[in-house]
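Here is a friendly walk through a fold, written for someone who likes to know the cut-offs behind each term. Have the viewer open as you read.

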Amino acid sequence: MLTTPDLWPPAGIQVVRRANPAGRVDLPEIAEHRVSLHLSKRTLTTCWESGLSFMRLRGHIDLTPAHSIGGFDADERSDSLEVRMPSGFLQRVADEMHVCGARIAVATRHLLVEASLTHLVLAIDAEHGAGSPGGRLYMDSLGVALAVQLLARHAGPLEPSREGLSSLQIQRVVDFIEAKLDTPLSLSQLAAVAGVSRSYLQREFKSKKGTSIHQYVVSRRVEKARVLLLNRSLPASEVALAAGFSHQSHMARWMRRLLGVTPGKI
């Protein structure tokens, strides 16, 4: 039996419609879990994490855990619908379901095709857009249904962060990045090297190094490309691949952004 019905479910479900421009699309760190539904017909994007290109189609869903960052480069503008769920909301649902005693976190997922999640996101958006005619109880019920789906398919315990990553763990990750710069790197790979979860690694790496893993990898790739270009031993197209970029224009975009110059100028 719930002992505090006036406080349950906790409020805070947000709906955000995003008009994403062509080029860089940032998902900055926020305190809520994101469930993002792609609304445009098709959008070619390049993932920051791996450097790989993916075609996002209408109905694809991305999950971004609270306190995580993400983003991609898009070849054209696109629209998306984002439902933001407070960590406390998901945790309370997990407690009521007796999922486990640990803190709960949503796992990072990309390009999911799940009808149940899509229907709930659209229902929450419709209710929000209509001014919540069903009242808070109905909106909370939709939020609980969404939380149950996330818990059933895409959530797990969050490691405690009392001690943080050791300097040895950080160095192992850095060494692995340096050795594998010319290959597609994933957060899953790097988390396995450190022996922690992806969300935990993101948070602790930024705390220890002062920059996100993605920004660190990109900066190292840009530096490697700069050195190779100065050596004049390879054409720019091969330099891009040797430095881990998916193609030459991808390399040029990041060089302009971080160095303020094009590969040709270097």
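Helix 4 (residues 167-179) is 13 residues in length and spans 18 Å from first C-alpha to last, close to the 18 Å expected at 1.5 Å a residue. That expected span is 1.5 Å times one less than the number of residues. Helices here are DSSP runs of H or I with at least four residues, strands are runs of E with at least two, and both are numbered from the N terminus. This is a predicted model, where local features need pLDDT of at least 70 and side-chain atom pairs count only at pLDDT 80 or more, while totals for chains, interfaces and linings use all residues. Residues are numbered from 1 along each chain as its sequence is written, and side-chain values use heavy atoms, with hydrogens and water left out.

Which residues of helix 4 are buried? They are Gln 169, Ile 170, Val 173, Val 174 and Ile 177, where buried means under 20% relative accessible area, exposed means over 50%, and partly exposed lies in between (1.4 Å probe, protein chains only). Seen down the axis of helix 4, these buried residues fall within an arc of 135°, so they line one face of the helix; the arc is that of the directions from the helix axis to the C-beta atoms. The face turned away from the buried side of helix 4 carries the exposed residues Ser 167, Leu 168 and Ala 179. The cover over the buried residues of helix 4 includes helix 5 (187-194), helix 6 (198-209) and helix 7 (213-231), with contact meaning heavy atoms within 4.5 Å.

## Rings and charges

The structure holds 1 aromatic pair. The ring centres of Phe 205 and Tyr 216 are 5.6 Å apart and the planes lie at 70°, so the pair is edge-to-face. For pairing, rings of Phe, Tyr and Trp (its six-membered ring) need centres within 6.5 Å; planes under 30 degrees apart are stacked, over 60 edge-to-face, and the rest tilted. Phe 205 belongs to helix 6 and Tyr 216 to helix 7, so the pair ties together parts 11 residues apart in sequence. Both Phe 205 and Tyr 216 are buried.

Charges also sit over rings: the charged end of Arg 56 is 4.3 Å from the ring centre of Phe 72, and Arg 257 lies over the face of Trp 254 at 4.5 Å from the ring centre. The test asks for NZ of Lys or CZ of Arg within 6 Å of the ring centre and within 35 degrees of the ring normal.

The largest nonpolar core has 26 residues, and Met 85, Leu 90, Ile 124, Leu 146 and Leu 150 touch the most other members. Such a core is a set of buried Ala, Val, Leu, Ile, Met, Phe, Trp, Tyr and Cys residues joined through side-chain atoms within 4.5 Å. Helix 3 gives the largest share of this core, 6 residues. A second, separate core of 18 residues includes Leu 185, Leu 187, Leu 190 and Ile 213.

## Helix 1

Helix 1 has Phe 89, Leu 90, Gln 91, Val 93 and Ala 94 as its buried residues, and they pack against strand 3, strand 8, strand 9 and helix 3. Just after helix 1, His 98 takes a positive phi of about 60°.
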